[in-house]
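Please walk me through this model.

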Amino acid sequence: MARTAAAVRRDVWRVAQQALALAGAGVAAYLTWAKTRGEGLICIGFRGCDLVNNSPYAVLLGIPVATWGLGVYLALFLLGLPAWERREALRPWAITLSFALALGGWLFSMYLTAIEAFVLQAWCTWCVTSAALITLLLGVCGVRFYRAFR
């Protein structure tokens, strides 16, 4: 069975969502590991990684912020699985939830970036990378959301 051009385009955005979510999960997993082990971070470019990761802002409800991020990234990866595409009734829900998670993650990431800039006055390479990835994910999920409901 030949696939339509629209289905191929849908797959490109879905795969982009999965790739970005997987990259974000890798960053968040490293930050979680360092936080829970008390290990220093390998910090390239900026020199504030340990200051940021050991600040009181790096914990939310007793759980490292990076662990929350890991959960969001893994959920975004799972919501991009092809199984959701095959179930027409669930597809809009998966796309909507993806967009909502990406938007919430982006808003929280921008809050944390403001904390880095204005409160801690220190930058973490890994945190900036995560902020860039969630920004790209918001764009990808936004395109998927727009295309699903236009």
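**The pocket and the helices around it**

The largest pocket has a volume of about 530 Å³. It is lined by 27 residues, and those closest to its centre are Val65, Ala66, Phe108, Leu112 and Ser130. Helix 5 gives the most, with nine residues. By class, the lining divides into 18 nonpolar residues, eight polar ones and one charged residue.

This is a predicted model, so confidence comes next. The mean pLDDT of the protein is 90. A value of 70 or more is reached by 93% of the residues. Confidence is highest in helix 3 (residues 65-79), at a mean of 97. It is lowest in helix 4 (residues 82-86), at a mean of 74. Where pLDDT is low, predicted coordinates should not be read in detail.

Now the overall layout. The protein has six helices and two strands. Along the sequence, the pattern reads α-α-β-β-α-α-α-α. Taken along the principal axes, the C-alpha atoms fill a box of roughly 55 × 30 × 25 Å.

Start with helix 5 (residues 91-120) and helix 6 (residues 125-149). Their axes come within 8 Å and cross at roughly 150°. Angles over 145 degrees count as roughly antiparallel, and helix 5 and helix 6 are therefore roughly antiparallel to each other. Their crossing is left-handed. The contact of helix 5 with helix 6 has 17 nonpolar, seven polar and two charged residues.

Next, helix 3 against helix 5. These two pack at an angle of about 155°, with their axes 10 Å apart. Helix 3 and helix 5 are therefore roughly antiparallel too. Helix 3 passes helix 5 in a left-handed crossing.

That leaves helix 3 and helix 6. How do their directions relate, parallel or antiparallel? The axes of helix 3 and helix 6 are 12 Å apart, and the packing angle is about 30°. Angles under 35 degrees count as roughly parallel, so helix 3 and helix 6 are roughly parallel to each other. Here, too, the crossing is left-handed.

Helix 5 is roughly antiparallel to helix 6 and roughly antiparallel to helix 3, while helix 3 and helix 6 are roughly parallel.

Definitions and conventions
Residues are numbered from 1 along each chain as its sequence is written. This is a predicted model: local features need pLDDT of at least 70, side-chain atom pairs count only at pLDDT 80 or more; totals for chains, interfaces and linings use all residues. Side-chain values use heavy atoms; hydrogens and water are left out. Axes are lines fitted to C-alpha atoms, for helices over the stretch in contact, and angles run from 0 to 180 degrees between N-to-C directions. Helices (H or I, at least four residues) and strands (E, at least two) are DSSP runs, numbered from the N terminus. Angles under 35 degrees count as roughly parallel, over 145 as roughly antiparallel, 65 to 115 as roughly perpendicular and the rest as oblique. A crossing is left-handed if the near helix is turned anticlockwise from the far one by less than a right angle, and right-handed if clockwise. Ala, Val, Leu, Ile, Met, Phe, Trp, Tyr, Cys and Pro count as nonpolar, Asp, Glu, Lys and Arg as charged, and the others, Gly among them, as polar. pLDDT is the predictor's confidence in each residue, from 0 to 100. On a 1 Å grid over the protein atoms alone, a cavity is a set of points where a 1.4 Å probe fits but cannot get out, and a pocket is an open set with protein on both sides within 12 Å along at least five of seven lines; lining residues have an atom within 4 Å of a point. Grid points are joined across faces, edges and corners, and a volume is the space filled by probe spheres set on the points.
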